[in-house]
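Student: I would like to go through this model by asking about one feature at a time. Please keep the answers brief.

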Amino acid sequence: MKKSSTNGVMTWNFGQMCLANLFLFAAVYLLFPAIPFAMGQQIGVPVARAGNLFIAFAFGLFLVGPFHARLGDECKRKQVLMFSTAGMMLTTAGYLAVTDYVQLLLFALVQGACFGMAVTAGITVAIDIILSHRRTAANMVYAWVARLGMLLGVGAGLLVYRLYDFHAVIYLSLACGLLSLLSASGVYVAFRAPIGVPLCNLDRFLLPRAWVMAINALLVTGVSGLLLPLLFTGSPYPAVALGVWALLAAPFTKLFVDLSQHCQRGTANTTCHLAMEAGLLAGLAVTCHLMNMPAVYKAALVCSVAAVLFFLLLAYPYYKRHRVR
């Protein structure tokens, strides 16, 4: 007999989804510290050009979002998660065979699309298997687990790259992807008949009324993105920035959820995730272009001040006026 949701948050099914989410984020973030340097060497281009893969990845995140609601309506939601995770693993393995700049950008684009679809589908499944009155708490737990996976992935990726090479990082990423698939495969999701969702739909993808908070989240994670490549220099600031981001993940998710209407909590979580990922990827791309530590530190300081001022002067007052919950 399949285990199903109860009144608590951490049920068997939800625990399995959290584990799948942790390995999914670890699989991607294992690559981020080293990939611009490794791929730049592999195809013979400067790091500044190789860093454009982060822009392609970010574009991919948003590319498939408007079609997710229709796909999740027509297909089984767990299958969408499984196939998109498998697609992400295939593109990860594909980096080993990249020989030119265009291929690099195409692989990053497809990987970003698969990752975006996997995360969105995962949030949908995780929320759907939790009873309605527990979904706000579930959103916060699920978001925090994702950031834990991010931290573990960044740390492991940096360590493995230093001890071995980028190929070893790829293999570890594939192992994490496989563990994510295995964890998700054991989750029971009740059947739901299609309800006729339009082909393009923002449901389960973007929450328009949270746009101010999304800008703030982008600025906050932009600091982490700017500093992340400096992990190779031994600077402590990237670790501090990533730690702060991990601590802020659950509270920020709560702010997004509080702005959502009925049955929009999954959409709020996805919007928060996309804004945070976009900020991190933008910061990574900027640092790859700057390749100058003093300039990167100045940019991170400006972004930090802007994030704090934006929250105090615009985002939090907006939240107070428009919160629903």
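Student: What is the mean pLDDT of the chain?

Tutor: This is a predicted model, in which local features need pLDDT of at least 70 and side-chain atom pairs count only at pLDDT 80 or more, while totals for chains, interfaces and linings use all residues. Residues are numbered from 1 along each chain as its sequence is written, and side-chain values use heavy atoms, with hydrogens and water left out. pLDDT is the predictor's confidence in each residue, from 0 to 100. Of the chain's residues, 91% reach 70 or more, and the mean is 87.

Student: Which element has the lowest mean pLDDT?

Tutor: Helices are DSSP runs (H or I, at least four residues), numbered from the N terminus. H9 has the highest mean, 96. The lowest mean, 68, belongs to helix H5.

Student: Which residues does phenylalanine 115 touch?

Tutor: Phe115 is one of the core members that touch the most others. Leave out residues up to four places away in sequence. The partners of phenylalanine 115 are then Leu24, Phe25, Val28, Phe57, Leu61, Met88, His273 and Glu277.

Student: What is the volume of the largest cavity?

Tutor: On a 1 Å grid over the protein atoms alone, a cavity is a set of points where a 1.4 Å probe fits but cannot get out. Grid points are joined across faces, edges and corners, and a volume is the space filled by probe spheres set on the points. The whole structure has three cavities of 30 Å³ or more. For the largest, the volume is about 90 Å³.

Student: Which lining residues lie nearest the centre of the largest cavity?

Tutor: Lining residues have an atom within 4 Å of a point. By class, this lining has nine nonpolar, four polar and one charged residues; Ala, Val, Leu, Ile, Met, Phe, Trp, Tyr, Cys and Pro count as nonpolar, Asp, Glu, Lys and Arg as charged, and the others, Gly among them, as polar. Of the 14 lining residues, those nearest the centre are Ala143, Ala146, Arg147, Asn269 and His273.

Student: Is arginine 147 buried or exposed?

Tutor: Arginine 147 lies in helix H8. Its contacts include Phe25, Trp245, His273 and Glu277. Because its relative accessible area is 3%, arginine 147 is buried.

Student: Which element gives the largest share of the lining of the second largest cavity?

Tutor: This cavity holds about 40 Å³ of space. Met17, Ala20, Asn21, Leu24, Leu81, Thr85, Tyr142 and Ser180 line it. Four of these residues come from the top contributor, H1.

Student: Why does serine 183 count as buried?

Tutor: Serine 183 is found in helix H9. It touches Gln16, Leu19, Ala20 and Phe23, leaving out residues up to four places away in sequence. Serine 183 counts as buried because its relative accessibility is 7%.

Student: Which element gives the most to the lining of the second largest pocket?

Tutor: A pocket is an open set of points with protein on both sides within 12 Å along at least five of seven lines. With five residues, the top contributor is H11.

Student: Which residue follows H2, and what is its phi?

Tutor: The buried residues of H2 are Ile35, Pro36, Ala38, Met39, Gly40 and Ile43. The residue after H2 has a positive phi. That residue is glycine 44, with phi near 75°.

Student: What is phi of methionine 291?

Tutor: Methionine 291 is found in the loop between H12 and H13. Its phi is positive, in a residue other than glycine. The value is near 50°.

How values were computed: Buried means under 20% relative accessible area, exposed over 50%, partly exposed in between (1.4 Å probe, protein chains only). Helices (H or I, at least four residues) and strands (E, at least two) are DSSP runs, numbered from the N terminus. A nonpolar core is a set of buried Ala, Val, Leu, Ile, Met, Phe, Trp, Tyr and Cys residues joined through side-chain atoms within 4.5 Å. Contact means heavy atoms within 4.5 Å.
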